[in-house]
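Here is a short briefing to read alongside the model. Take a moment to look it over, and then follow the points below.

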Amino acid sequence: MSKYDLAIIGGGILGTTISYWISALYDLKICVIEKESDVAMHASSRNTAVVHSPFYLDPKTKKVLAKSSIISYSMWEKLAKERHIPWLKTGVFELGFNDDHYKTLKEFMRWGKINGIPDSDLELLDGEEVSKREPNVKCHSAIFCKREVSSDFGAFTREIKKESEKNGTQFLLNKNVKSIEKNNDDTIISFQDNSDISSSFIINCAGGNSLAIAHKMELAKEYSDLHFRGEYWIASPPHNDLAKSTIYTVAEFKGYPFLDPHWIKKADGKTEVGPNAVPVPSPEIYSGYLGDVNTALSKLKEIITGNALKLFSNTEFLSMISKEWLSSISKTAMIKRVQKFIPKVKPEYFTERGTAGIRSTVITPQGKFVADVMELGNDNSFHIINYNSPGATGAPAYSAFVVKKLQDKGFLNYTLKKKETMWNFDDVINQA
Ligand SMILES: Cc1cc2nc3c(=O)[nH]c(=O)nc-3n(C[C@H](O)[C@H](O)[C@H](O)COP(=O)(O)OP(=O)(O)OC[C@H]3O[C@@H](n4cnc5c(N)ncnc54)[C@H](O)[C@@H]3O)c2cc1C
């Protein structure tokens, strides 16, 4: 059985970036365990691909995501330039439709400042000014953030994998974790193909499965999760140019971690609308609604007997969910949500679906969505759960924070290498 100092479960953008930092800083035997044939096959490629500027994130409740996004921006920009990864500065309008939304936008301006966005990058505009800049867009007021970028997080992850491999990390692909058991000083990880490895320490970055992996290690048993599929439609030319910038709107249901469908200018030149947020029973159901019967039944049982039941008896949540369902079943319903701000848009302009992705959100025992990233651990493992948007944006800085935390807890008591790294670790930590 192969033995490792560190096993990272999950080869998404998070696990891959953590493997890069640790392999760049230390001489350890590290593996990244990934059940697919390559890294970034799930949320890390199936997303809106916007490198977000965190003006819309509450610096109190979303502190970790806000901090890591602002620091990561220039790290991604550097890597994109060096590796010829698309970096398209589209700018973003965040639209409001009434006086209440205007108040929210004013609050966003304040948050943007606290979160470190330069004043020169954020403008608060009235609807008339927005229509001058984007003649097909209608709104009451808006924020324009000029530094918003469209890029490709899958391409970033694959580049970081190459760097991590150069440092000696082994990527164990097509290895689906079945069970995890403590054995004296080590932990044995067994896979679906009946092979196994042992490791002194485990970092769980399994995305939509991270809570299930924590449960396997008897952690966070009081929490449950729900999975929401975000679907997109691609605009066909010439209608893809109805607006030049990416457009988001102030969310109708503020208490929930979803935004209404946006108008997205992609780095590959396409324009998409989406995502909605349709509940599905497990984190990888990209078409259909139920997946396999056993998974669907077990999720249903978990909902009826667990934390999420409180949510499903909340009328506001049910009203939001029914709207999301409708815009999954009916393209017209989805496009109607976009007509609210681009009235000229018509369902027939969208003939092809974009790539759907799934957000997995953790529910507290009180039946509430967890707002920020959840971190937990014990003496042989560290778990990152609820790592949602703008998680891809924040990955390089957030991963450095995780490494610093592990250093401070004494889990990385090894000699540091004196080697040039792709990004400067101390610079990232000093900005935190
Ligand atoms: C629809 C949507 C839109 C989004 N838009 C944006 C955006 O515009 N900007 C932004 O910054 N963020 C966005 N995000 C969020 C961002 O994509 C995620 O926060 C980020 O990709 C999470 O990365 P991850 O590595 O934690 O998860 P993942 O990419 O899901 O990686 C987890 C990996 O673990 C593997 N795994 C799981 N279970 C096992 C197992 N048992 N054995 C072995 N391997 C396993 C999976 O195969 C997967 O590769 C969006 C997300 C979605 C879903």
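Predicted model: local features only at pLDDT ≥ 70, side-chain atom pairs only at ≥ 80, totals over all residues.

Residues are numbered from 1 along each chain as its sequence is written.

**Helix pair**
- Helices (DSSP runs of H or I, at least four residues) and strands (E, at least two) are numbered from the N terminus.
- The axes of α2 (residues 63–83) and α11 (residues 391–408) come within 6 Å and cross at roughly 95 degrees, with axes fitted to C-alpha atoms over the stretch in contact and angles running from 0 to 180 degrees between N-to-C directions.
- That makes α2 roughly perpendicular to α11 (65 to 115 degrees).

- Of the 41 residues around the ligand (C-beta atom, placed from the backbone, within 6 Å), Gly10, Gly12, Gly207, Gly230 and Gly391 come nearest.
- The elements giving two or more residues to this shell are α1 (13–25), β20 (357–363) and α11.

**Strands**
- Three strands form an open antiparallel sheet in the order β3-β8-β4, where pairing takes at least two DSSP bridges.
- β3 (50–51) and β4 (88–89) stand at the edges with a single partner strand each, so one side of each is left without a neighbour in the sheet.
- β4 pairs with β8 (residues 149–150) over two bridges, and Leu88 stands opposite Ser150 in β8.

Conventions: Parallel < 35°, antiparallel > 145°, perpendicular 65-115°, else oblique.
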